[in-house]
Amino acid sequence: MNIRNKMNRLYILVILIVCMACQSSYQTTLKGVIKNYDGALVRIAVQGSLKRDTLKVNEKGEFQYIPVVPQKGEVYELFVKGYRPGVPLFLSGGDQVNVEITLLPEQVVECVFSGDRERENEYLAALYAIEDSREWYSPEVTTLAFKDFKLRTDEKEKQLQALGSRIKDQDVRERLVRQAYLCFQVRRVSWYCSGSRENVDDPDFPTFVATINLNDSLTCSEELLEYVIGWHLSQDTSRDWSDYPRKSLKLVGRLITDRAMKNYHLTSMFRKYLNQSVALSLQEAYELYDILCTDENLKREVGEEYKEYVRVNGNLMKGSVAPDFEMTGVTGEKCRLSDFKGKVLLVDVWATWCAPCREELPYMAKLKEYFKKDNRIEIISVAVDNNTNTWKKFLEKEKPTWKQYIVDKKTNDFLEKEYRIVGIPHFMLLDQEGRFIAYSFVRPSEPECVELLEKHLN
């Protein structure tokens, strides 16, 4: 009996060792070093995901990341705050990937890959470099007729083919080549809204759009469809954008004939409207979605999401009292949004790590100076930073002249849910009773900002 027990224990031990060995063999590890590292925030995420992990980078610029990756692999994006472009990384189960990132004075990055997936990552980096190129916005390119513009994108796509042919894993090669194809298709379709070209009567462009197969996921992505829909809507001479969501869904219903693809894109598009930081009535759009979509499971899910949107959206409409919340001042004093009743209130929701937010600071200062003798208006900034000390140090350096506050994680979550703030900076204007004049107000950098504020004050 003892011998049998010992044998059973030995058997279990062997199984555990084998399992651990298997697990270790499929553990994915990304190791990297950042040259000229200046302490900037470094984050990584699965491509297209809003959930990002912050990497711990030591004083030498070294980091290590061990994600849970499916065996077939996924494309990740690594971001160094203040630098572009993002660094693409293809990772699959068991890969040992190395990357050397150099931060250049021009606020751009250069990368050298080694280890597993070296060729895949070189291919992706070349694609990202092409996409990030400022060439697309040069007068030389923005003034091209569509035929010549397409030739330019065709040349760029051909340049990638040599790199793609070096990828030995056929399945991965096909996935990445398809991703590149869709990127170039998006670039081609975006021609219509570039610079002064909007609505230019170029017969080659609609001919090209007609060749895009919107019924195949291999040839049509969500982003590509959005540009196609945008172009069709731009042909509407009435220029009535108030019904944009319903019109977009109607076009999806007309242009896509494959039932599964139609249901997918209808649902994806309507959900994007639900998640936008804009207080819009989506009743007509929802009613049309409910008619066009034939997937009952999707309709039930979206129906619940729409109910929540209606609840929150009703609180953000013009004339509604802004949901109250607590914030903390620089010296630790607590106050609530409702404490500012009695004055017109301009609220700036921002963060120190947000570059567009920081770009608004000089304009905020000018705004404060302009209204410094007007007791009818108050200007405040509400930071959503995770680190209070970082926020305080930033304020000590910049010395803003208007009132500064910060919110804790609980209140930040409240803002995301009850205010639907998904992008910053976000400006709001409230009246003397704490009611919304504008849930989404223009930025101080906009020329009409002062004029609009004076209009509401008078």
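Predicted model: local features only at pLDDT ≥ 70, side-chain atom pairs only at ≥ 80, totals over all residues.
Trainee: Got it. What is the bridge partner of Lys31 in β7?

Mentor: That partner is Asn98. Strand β1 (residues 29-35) and strand β7 (residues 96-103) run parallel, and 7 bridges join them.

Trainee: What order do the strands of that open sheet have?

Mentor: The order is β4-β1-β7-β8, an open sheet of 4 strands with mixed pairing. β4 (62-65) and β8 (109-115) each have a single partner strand, so one side of each is left without a neighbour in the sheet. From one strand to the next, the twist averages 20°.

Trainee: Which helix lies across β7 and β8?

Mentor: Helix α2 (residues 118-132) does, running at about 165° to β8.

Trainee: New topic: how many salt bridges does the count come to?

Mentor: The count comes to 32. One of them joins the side chains of Glu131 and Arg187, at 3.9 Å from N to O. Glu131 lies in helix α2 and Arg187 in helix α5 (residues 170-189), so this pair ties together parts that are 56 residues apart in sequence.

Trainee: Is Arg187 buried or exposed?

Mentor: Arg187 counts as buried because its relative accessibility is 12%, and the cut-off for buried is under 20%. Glu131 is partly exposed, at 25%.

Trainee: And where do Glu308 and Arg311 lie?

Mentor: Both are in helix α11, 3 residues apart, which is about one turn of the helix.

Definitions and conventions: Residues numbered from 1 in each chain as written. Heavy atoms only, no water. Pairing = 2+ DSSP bridges. Helix = DSSP H or I, 4+ residues; strand = E, 2+ residues; numbered from the N terminus. Axes fitted to C-alpha atoms, helices over the stretch in contact; angles between N-to-C directions. Contact = heavy atoms within 4.5 Å. Salt bridge = Lys/Arg side-chain N within 4 Å of Asp/Glu carboxyl O. Buried < 20%, exposed > 50% of the residue type's maximum accessible area, 1.4 Å probe, protein only.
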